[in-house]
Amino acid sequence: MRILNISAQKPHSTGSGFYLTETVRCFSAMGHTVGVVAGIYPQDTVCFPEGVEFFPVYFSTPALPFNIAGMSDEMPYPSTMYRSMTEDMANRFRASFESALKEAVSRFCPDVIICHHLYFLSAIARELFPDMPMWGICHGTDLRQMYTSPFMLNYVRTNIARLNKVCCLHDAQRQAVSNCYGIPLSRTIVVGAGFNGEIFFDRHIRKPHNELRLVYAGKISDKKGIYCLIDALKASGLPRGSVTLRMAGGWPGEEHRLRAIKAIEASGHHITLLGPLSQAELAEEFSLGDVFVLPSFSEGFPLVLAEAMACGMASICTDLPGIRPRMEALCPGCPITFVDPPVMLDPDTPDPLKLPEFTARLLDAILSARRPSTPPDLSAFTWQGVCERILGE
């Protein structure tokens, strides 16, 4: 099969970017012919398996003189929020991607187009090629955009509803997709997410240590709950040196890095900002750590949980819709402590008055977490399984 994958965002840089990268790698390994259309910057390096044909759309250029449009308001690289795009910016976006899509379809001749994110680019593709088999993959941030931003709302909803199939990360998201876009459940499936077991596995390199080693991986931003995590350590009463926190991930802008540094300095604990890491570097951090903490206020299906557990860590995660049932169904007895989220004002904005209670629950989970003696069975989280479900095999 000839499979063309499209995304308006960078590959390799966010959860959905890694999802695209890994499914492309797996489709290629399964013997399919694969192409990719994606938005990048001129200085970016993109790494796909040999034989994958890449059709880049370059942002911050004369044709697209603004940053990559991000599905989240805070991206780990310079980005533009869809809600702030002017009519001229939207027209330039459409023209640049239409040109790339037409070139890709003409040269690559796909049997199917797989659209990452049920949003503006996917709607453009459906309108441009109304009769071509086209499937969408929901990553969660697209739903958030639909609920919180007026940008091209009717245009997006109308064209996304015409996709032949929509792949969802879990059952709760499947129902939300049906409700939001008016897509019958019969045209939606749950495919989940996977991890690369050749990179993420328990290396058994931990040496005896007295401190509790925590690891976080994700964007350095408010919406990921990192300041509740830092505040939890500050309020713990634990002596300095008894706990460490290493935080992997990029930040949307310099002001976010400076704010994080200020919070870290006030915490009284050993907290390190690692910046963006490769998957191999992140796997090494996981193999040295004890507990992975993901205190996000919104997530699709965080495959980083499986990656951390594969490396032998216990995990703590906010109990967000769809995640716990999916994890418990695929990995009974998984070493994850789920923490009740704060009261939310919208899909990813917590009530600030309820954050202290959430911080206290987070601290309780951290203090009680214990690394499992043996890694759980994560065989259900292979990328091949995900790809087979996407293809309906």
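Trainee: Over the ring of which residue does the charged end of R203 sit?

Mentor: This is a predicted model, in which local features need pLDDT of at least 70, side-chain atom pairs count only at pLDDT 80 or more, and totals for chains, interfaces and linings use all residues. Residues are numbered from 1 along each chain as its sequence is written, and side-chain values use heavy atoms, with hydrogens and water left out. A charge sits over a ring if NZ of Lys or CZ of Arg is within 6 Å of the ring centre and within 35 degrees of the ring normal. The charged end of R203 lies 4.3 Å from the centre of the ring in question, that of F201.

Trainee: Is H256 buried or exposed?

Mentor: Buried means under 20% relative accessible area, exposed over 50%, and partly exposed in between (1.4 Å probe, protein chains only). The relative accessibility of H256 is 14%, so this residue counts as buried.

Trainee: How are the rings of F59 and F66 arranged?

Mentor: Rings of Phe, Tyr and Trp (its six-membered ring) pair if their centres lie within 6.5 Å; planes under 30 degrees apart count as stacked, over 60 as edge-to-face and the rest as tilted. The structure holds 17 aromatic pairs. For F59 and F66, the centres are 5.9 Å apart and the planes stand at 75°, so the arrangement is edge-to-face.

Trainee: What is the arrangement of the pair formed by F301 and F381?

Mentor: F301 is buried at 7% relative accessible area, and F381 is buried at 1%. Their rings are 6.3 Å apart centre to centre, with 10° between the planes, and the pair is stacked.
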